[in-house]
Amino acid sequence: MQFSVGVEYALHCLLYMVDMPSGKSVGIKDLATYQGVSETYLSKVYTKLRKSGIVKSIPGVNGGYELARSPENITFWDIIEAIEGTSPLFQCVEIRQKELLLDKNNLPDTYTKCPCLIKVVMLEAEDQMRQYLNNKTLAWLHEQVKNKIPEEHSKATIEWFNNAKSR
């Protein structure tokens with residue numbers, strides 16, 4: 001299992017948006033420039049974030065994006081689902097029903113009425129991951145990062161984004 005780089009792009013860029021003053025948006029170009037990532041790819045990521053209600057687009061010359069919900073209400077899992085979709089990570093195709101020694105026209109109940117144990121375990125594992133990532137929010141990430149990055153750097157980042165539109 002591997003999440004696309006879009007999940008990482010989203011988490012990093014959304015993190016910068018936490019410090020944006022209310023009513024102030026940030027453009028894709030500025031986010032991409034600051035982070036050193038592809039503007040084209042980041043634009044696709046933000047389209048998914050907008051469709052999922054994590055960010056909202058602000059039209060106009062000074063438009064861009066702003067958070068649509070408070071950072072406390074945006075979980076890592078919300079972001080992952082926005083970027084990767086909502087399909088389960090494990091896709092069971094009932095391979096057990098295709099065993100060579102089985103009569104495929106007369107499968108025993110243990111192969112048709114009982115859930116596949118492999119599927120059960122994999123879905124339980126995904127549920128554990130979902131629960132964990134639903135407990136980690138953008139606000140939590142912001143607080144963790146704030147405690148690890150020098151205050152001068154945090155202030156410089158906020159100032160850079162606040163002045164980005166005037167460049």
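These legends describe views of a predicted model of one protein chain.

**Figure 1. Overall fold of the protein chain, with 8 helices and 2 strands.** Along the sequence, the elements follow the order α-α-α-β-β-α-α-α-α-α. Along the principal axes, the C-alpha atoms fill a box of roughly 70 × 35 × 25 Å. The radius of gyration of the protein chain is 22 Å, whereas a compact globule of 167 residues would have a value near 15 Å.

**Figure 2. Packing of helix 3 against helix 4.** Two packed helices are described by the angle between their axes and the distance between the axes. Here helix 3 (residues 39–51) and helix 4 (residues 76–84) pack at about 115 degrees, and their axes lie 8 Å apart. The crossing of this pair, helix 3 and helix 4, is right-handed.

**Figure 3. Residues in the contact of helix 3 with helix 4.** Helix 3 contributes V45, K48 and L49, which meet I79, A82 and I83 of helix 4. By class, the residues of this contact are 5 nonpolar and 1 charged, with no polar residue.

**Figure 4. The largest pocket, with about 330 Å³ of space.** Its lining is made of 16 residues, and D19, H142, V145, I149 and S154 are the closest to the centre of the pocket. Helix 1 (5–17), helix 7 (138–146) and helix 8 (151–163) are the elements that give two or more residues to this lining. Helix 8 gives the most, with 6 residues. Sorted by class, the lining of the largest pocket holds 8 nonpolar, 5 polar and 3 charged residues.

**Figure 5. The second largest pocket, with about 150 Å³ of space.** There are 13 lining residues, of which G85, T86, S87, P88 and L89 are the closest to the centre of this pocket. At least two residues of the lining come from each of helix 4 and helix 6 (117–134). Helix 4 supplies the largest share, 4 residues. The lining of the second largest pocket comprises 6 nonpolar, 3 polar and 4 charged residues.

How values were computed. Residues numbered from 1 in each chain as written. Predicted model: local features only at pLDDT ≥ 70, side-chain atom pairs only at ≥ 80, totals over all residues. Heavy atoms only, no water. Axes fitted to C-alpha atoms, helices over the stretch in contact; angles between N-to-C directions. Left-handed = near helix turned anticlockwise from the far one by under 90°. Contact = heavy atoms within 4.5 Å. Nonpolar A, V, L, I, M, F, W, Y, C, P; charged D, E, K, R; others polar. 1 Å grid on protein atoms, 1.4 Å probe; cavity = no way out; pocket = protein on both sides within 12 Å on 5 of 7 lines; lining within 4 Å. Points joined across faces, edges and corners; volume = space filled by probe spheres on them. Rg over C-alpha atoms; globule rule 2.2 N^0.38 Å.
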